[in-house]
Amino acid sequence: MSFNITLVAVAVMLLYAVPGYIMIKTKTITPESIPAFAKLLMYVCQPCLTVYSFAKVPYTTKLLKEIILFFIITLVLMMVILAIFYVLFSKKRSDIGYRVSNVGVCFGNVAFMGVPLVESILPEYPQAVIFCSIFLLSMNILGWTAASAIITCDKKYISIKKVLLNPAVLSLLVALPLFFTGTVIPGELSNMITILGKMTTPLCMLIMGMRLATVEVKDIFTNRLQYFTVFMKQIVMPLIALAIAALLPVDENFKITLFILCGCPVASVVLNFAEMLGEGQETAADMVLLGTLLSVITIPVMMLIV
């Protein structure tokens, strides 16, 4: 693994945030428009990314088994981490900062940053892109249910309906039949889906840049809880994942993909959920921005381990 390749890939992604920052500062776009961009990202671009991911690799029984295994590992890992910090933060639950941190410690930017990362680091392993979508599925199932309930302190989000009717699951209802049957999407339609899917990274970072323009920069770097969240998410979680992967009878690329995705910075999805739920937006923005900025250091350094 090349330290330089990883460093450049992360740095280029961060540059996408610059136009968003400039547009808010020049009042070309107002801060009130940010939630609309977040909805476009989650309801349009993210589902297209899922379809694009599954279209890259032909179906095999071995790959199906790996997909199921990856889904179980990621879902259980995040559930356990969410539960642990839910208990640890029980006395601080009235503080929105701790509720957002509870989600931030295990939710990573596995799609918007994960896809370009694995494509750069593991170009000969296209399955990695599918695993990004599977990780995203696990995260969305928990995001629309447990994470939303934690952020809002409202248990109404814990429902089968929320598990089944969210963009990640619905997009799989399109992607999986095509994947299993080997159906090739017609040229122009395929191009449209690919373009919208690949818009996730620049759009995600544009939203980050917009949000950065609305916060005090000192607030990003002066909150100890945010550093704790980033440390747990971007250092501890990938090390736990690596320890789990070492016990699995799977190939090295599978293990490396799990490690990379667990080391992705605090998810922009945390901010997107906060925007849509109307709680903790500034806290989530600071946490996500700090994690994303520090990922220029954490991701390349963590990659030295493998």
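Contact here means heavy atoms within 4.5 Å. The model is predicted: local features need pLDDT of at least 70, side-chain atom pairs count only at pLDDT 80 or more, and totals for chains, interfaces and linings use all residues. Residues are numbered from 1 along each chain as its sequence is written, and side-chain values use heavy atoms, with hydrogens and water left out.

**Lys233**

- Lys233 sits in helix H13, residues 224-246; helices are DSSP runs of H or I with at least four residues, numbered from the N terminus.
- Lys233 is buried and has no salt bridge. Buried means under 20% relative accessible area, exposed over 50%, and partly exposed in between, with a 1.4 Å probe and protein chains only.
- The nearest side chain of opposite charge to Lys233 is Glu119, 19 Å away; Lys and Arg count as positive, Asp and Glu as negative, and His and the chain ends are not counted.
- A polar atom of the Lys233 side chain lies 2.4 Å from the backbone oxygen of Cys262.
- Apart from neighbours within four places in sequence, Lys233 is in contact with residues including Gly104, Val105, Cys106, Phe107 and Gly108. Its contacts also include Leu261, Cys262, Gly263, Cys264, Pro265 and Val266.

**Salt bridges**

- The whole structure has five salt bridges, each defined as a side-chain nitrogen of Lys or Arg within 4 Å of a carboxyl oxygen of Asp or Glu.
- One of them joins the side chains of Lys56 and Glu119, at 3.1 Å from N to O. Lys56 is in the loop between H3 and helix H4 (61-88) and Glu119 is in helix H6 (residues 114-121), so this pair ties together parts 63 residues apart in sequence.
- Both partners are partly exposed: Lys56 has a relative accessible area of 36%, and Glu119 has 25% relative accessibility.
- Asp251 and Lys62 form a salt bridge at 3.8 Å, N to O. This pair links distant parts of the chain, with Asp251 in the loop between H13 and helix H14 (252-262) and Lys62 in helix H4, 189 residues apart.
- Asp251 is partly exposed at 31% relative accessible area, whereas Lys62 is exposed at 52%.
- Lys62, Glu66 and Asp251 are linked in a network of salt bridges.
- Within helix H14, Lys255 and Glu252 are three residues apart, about one helical turn, and their side chains meet in a salt bridge at 3.7 Å, N to O. Lys255 is buried, with a relative accessible area of 14%.

- H3 has 22 residues and spans 30 Å from its first C-alpha to its last, close to the expected 32 Å; the expected span is 1.5 Å times one less than the number of residues.
- H3 bends by about 35° at Cys45, and Pro47 follows within four residues. The bend at a residue is the angle between axes fitted to the seven residues ending there and the seven starting there.
- Helix H7 (residues 127-152) has 26 residues and reaches 36 Å, first C-alpha to last, close to the 38 Å expected.
- A kink of about 50° in H7 is centred on Gly143.
- H7 is mostly covered, with 24 of its 26 residues buried.

**Positive phi**

- Lys27, a residue other than glycine, has a positive phi near 65°.
- Lys27 lies in the loop between helix H2 (17-25) and helix H3 (34-55), and is exposed at 73% relative accessible area.
- Cys153, which follows H7, has a positive phi near 60°.

Terms used. Helices (H or I, at least four residues) and strands (E, at least two) are DSSP runs, numbered from the N terminus. A polar contact is a pair of N or O atoms within 3.5 Å; within protein, one must be able to donate a hydrogen and the other to accept it, and residues adjacent in sequence count only if both atoms are side-chain atoms.
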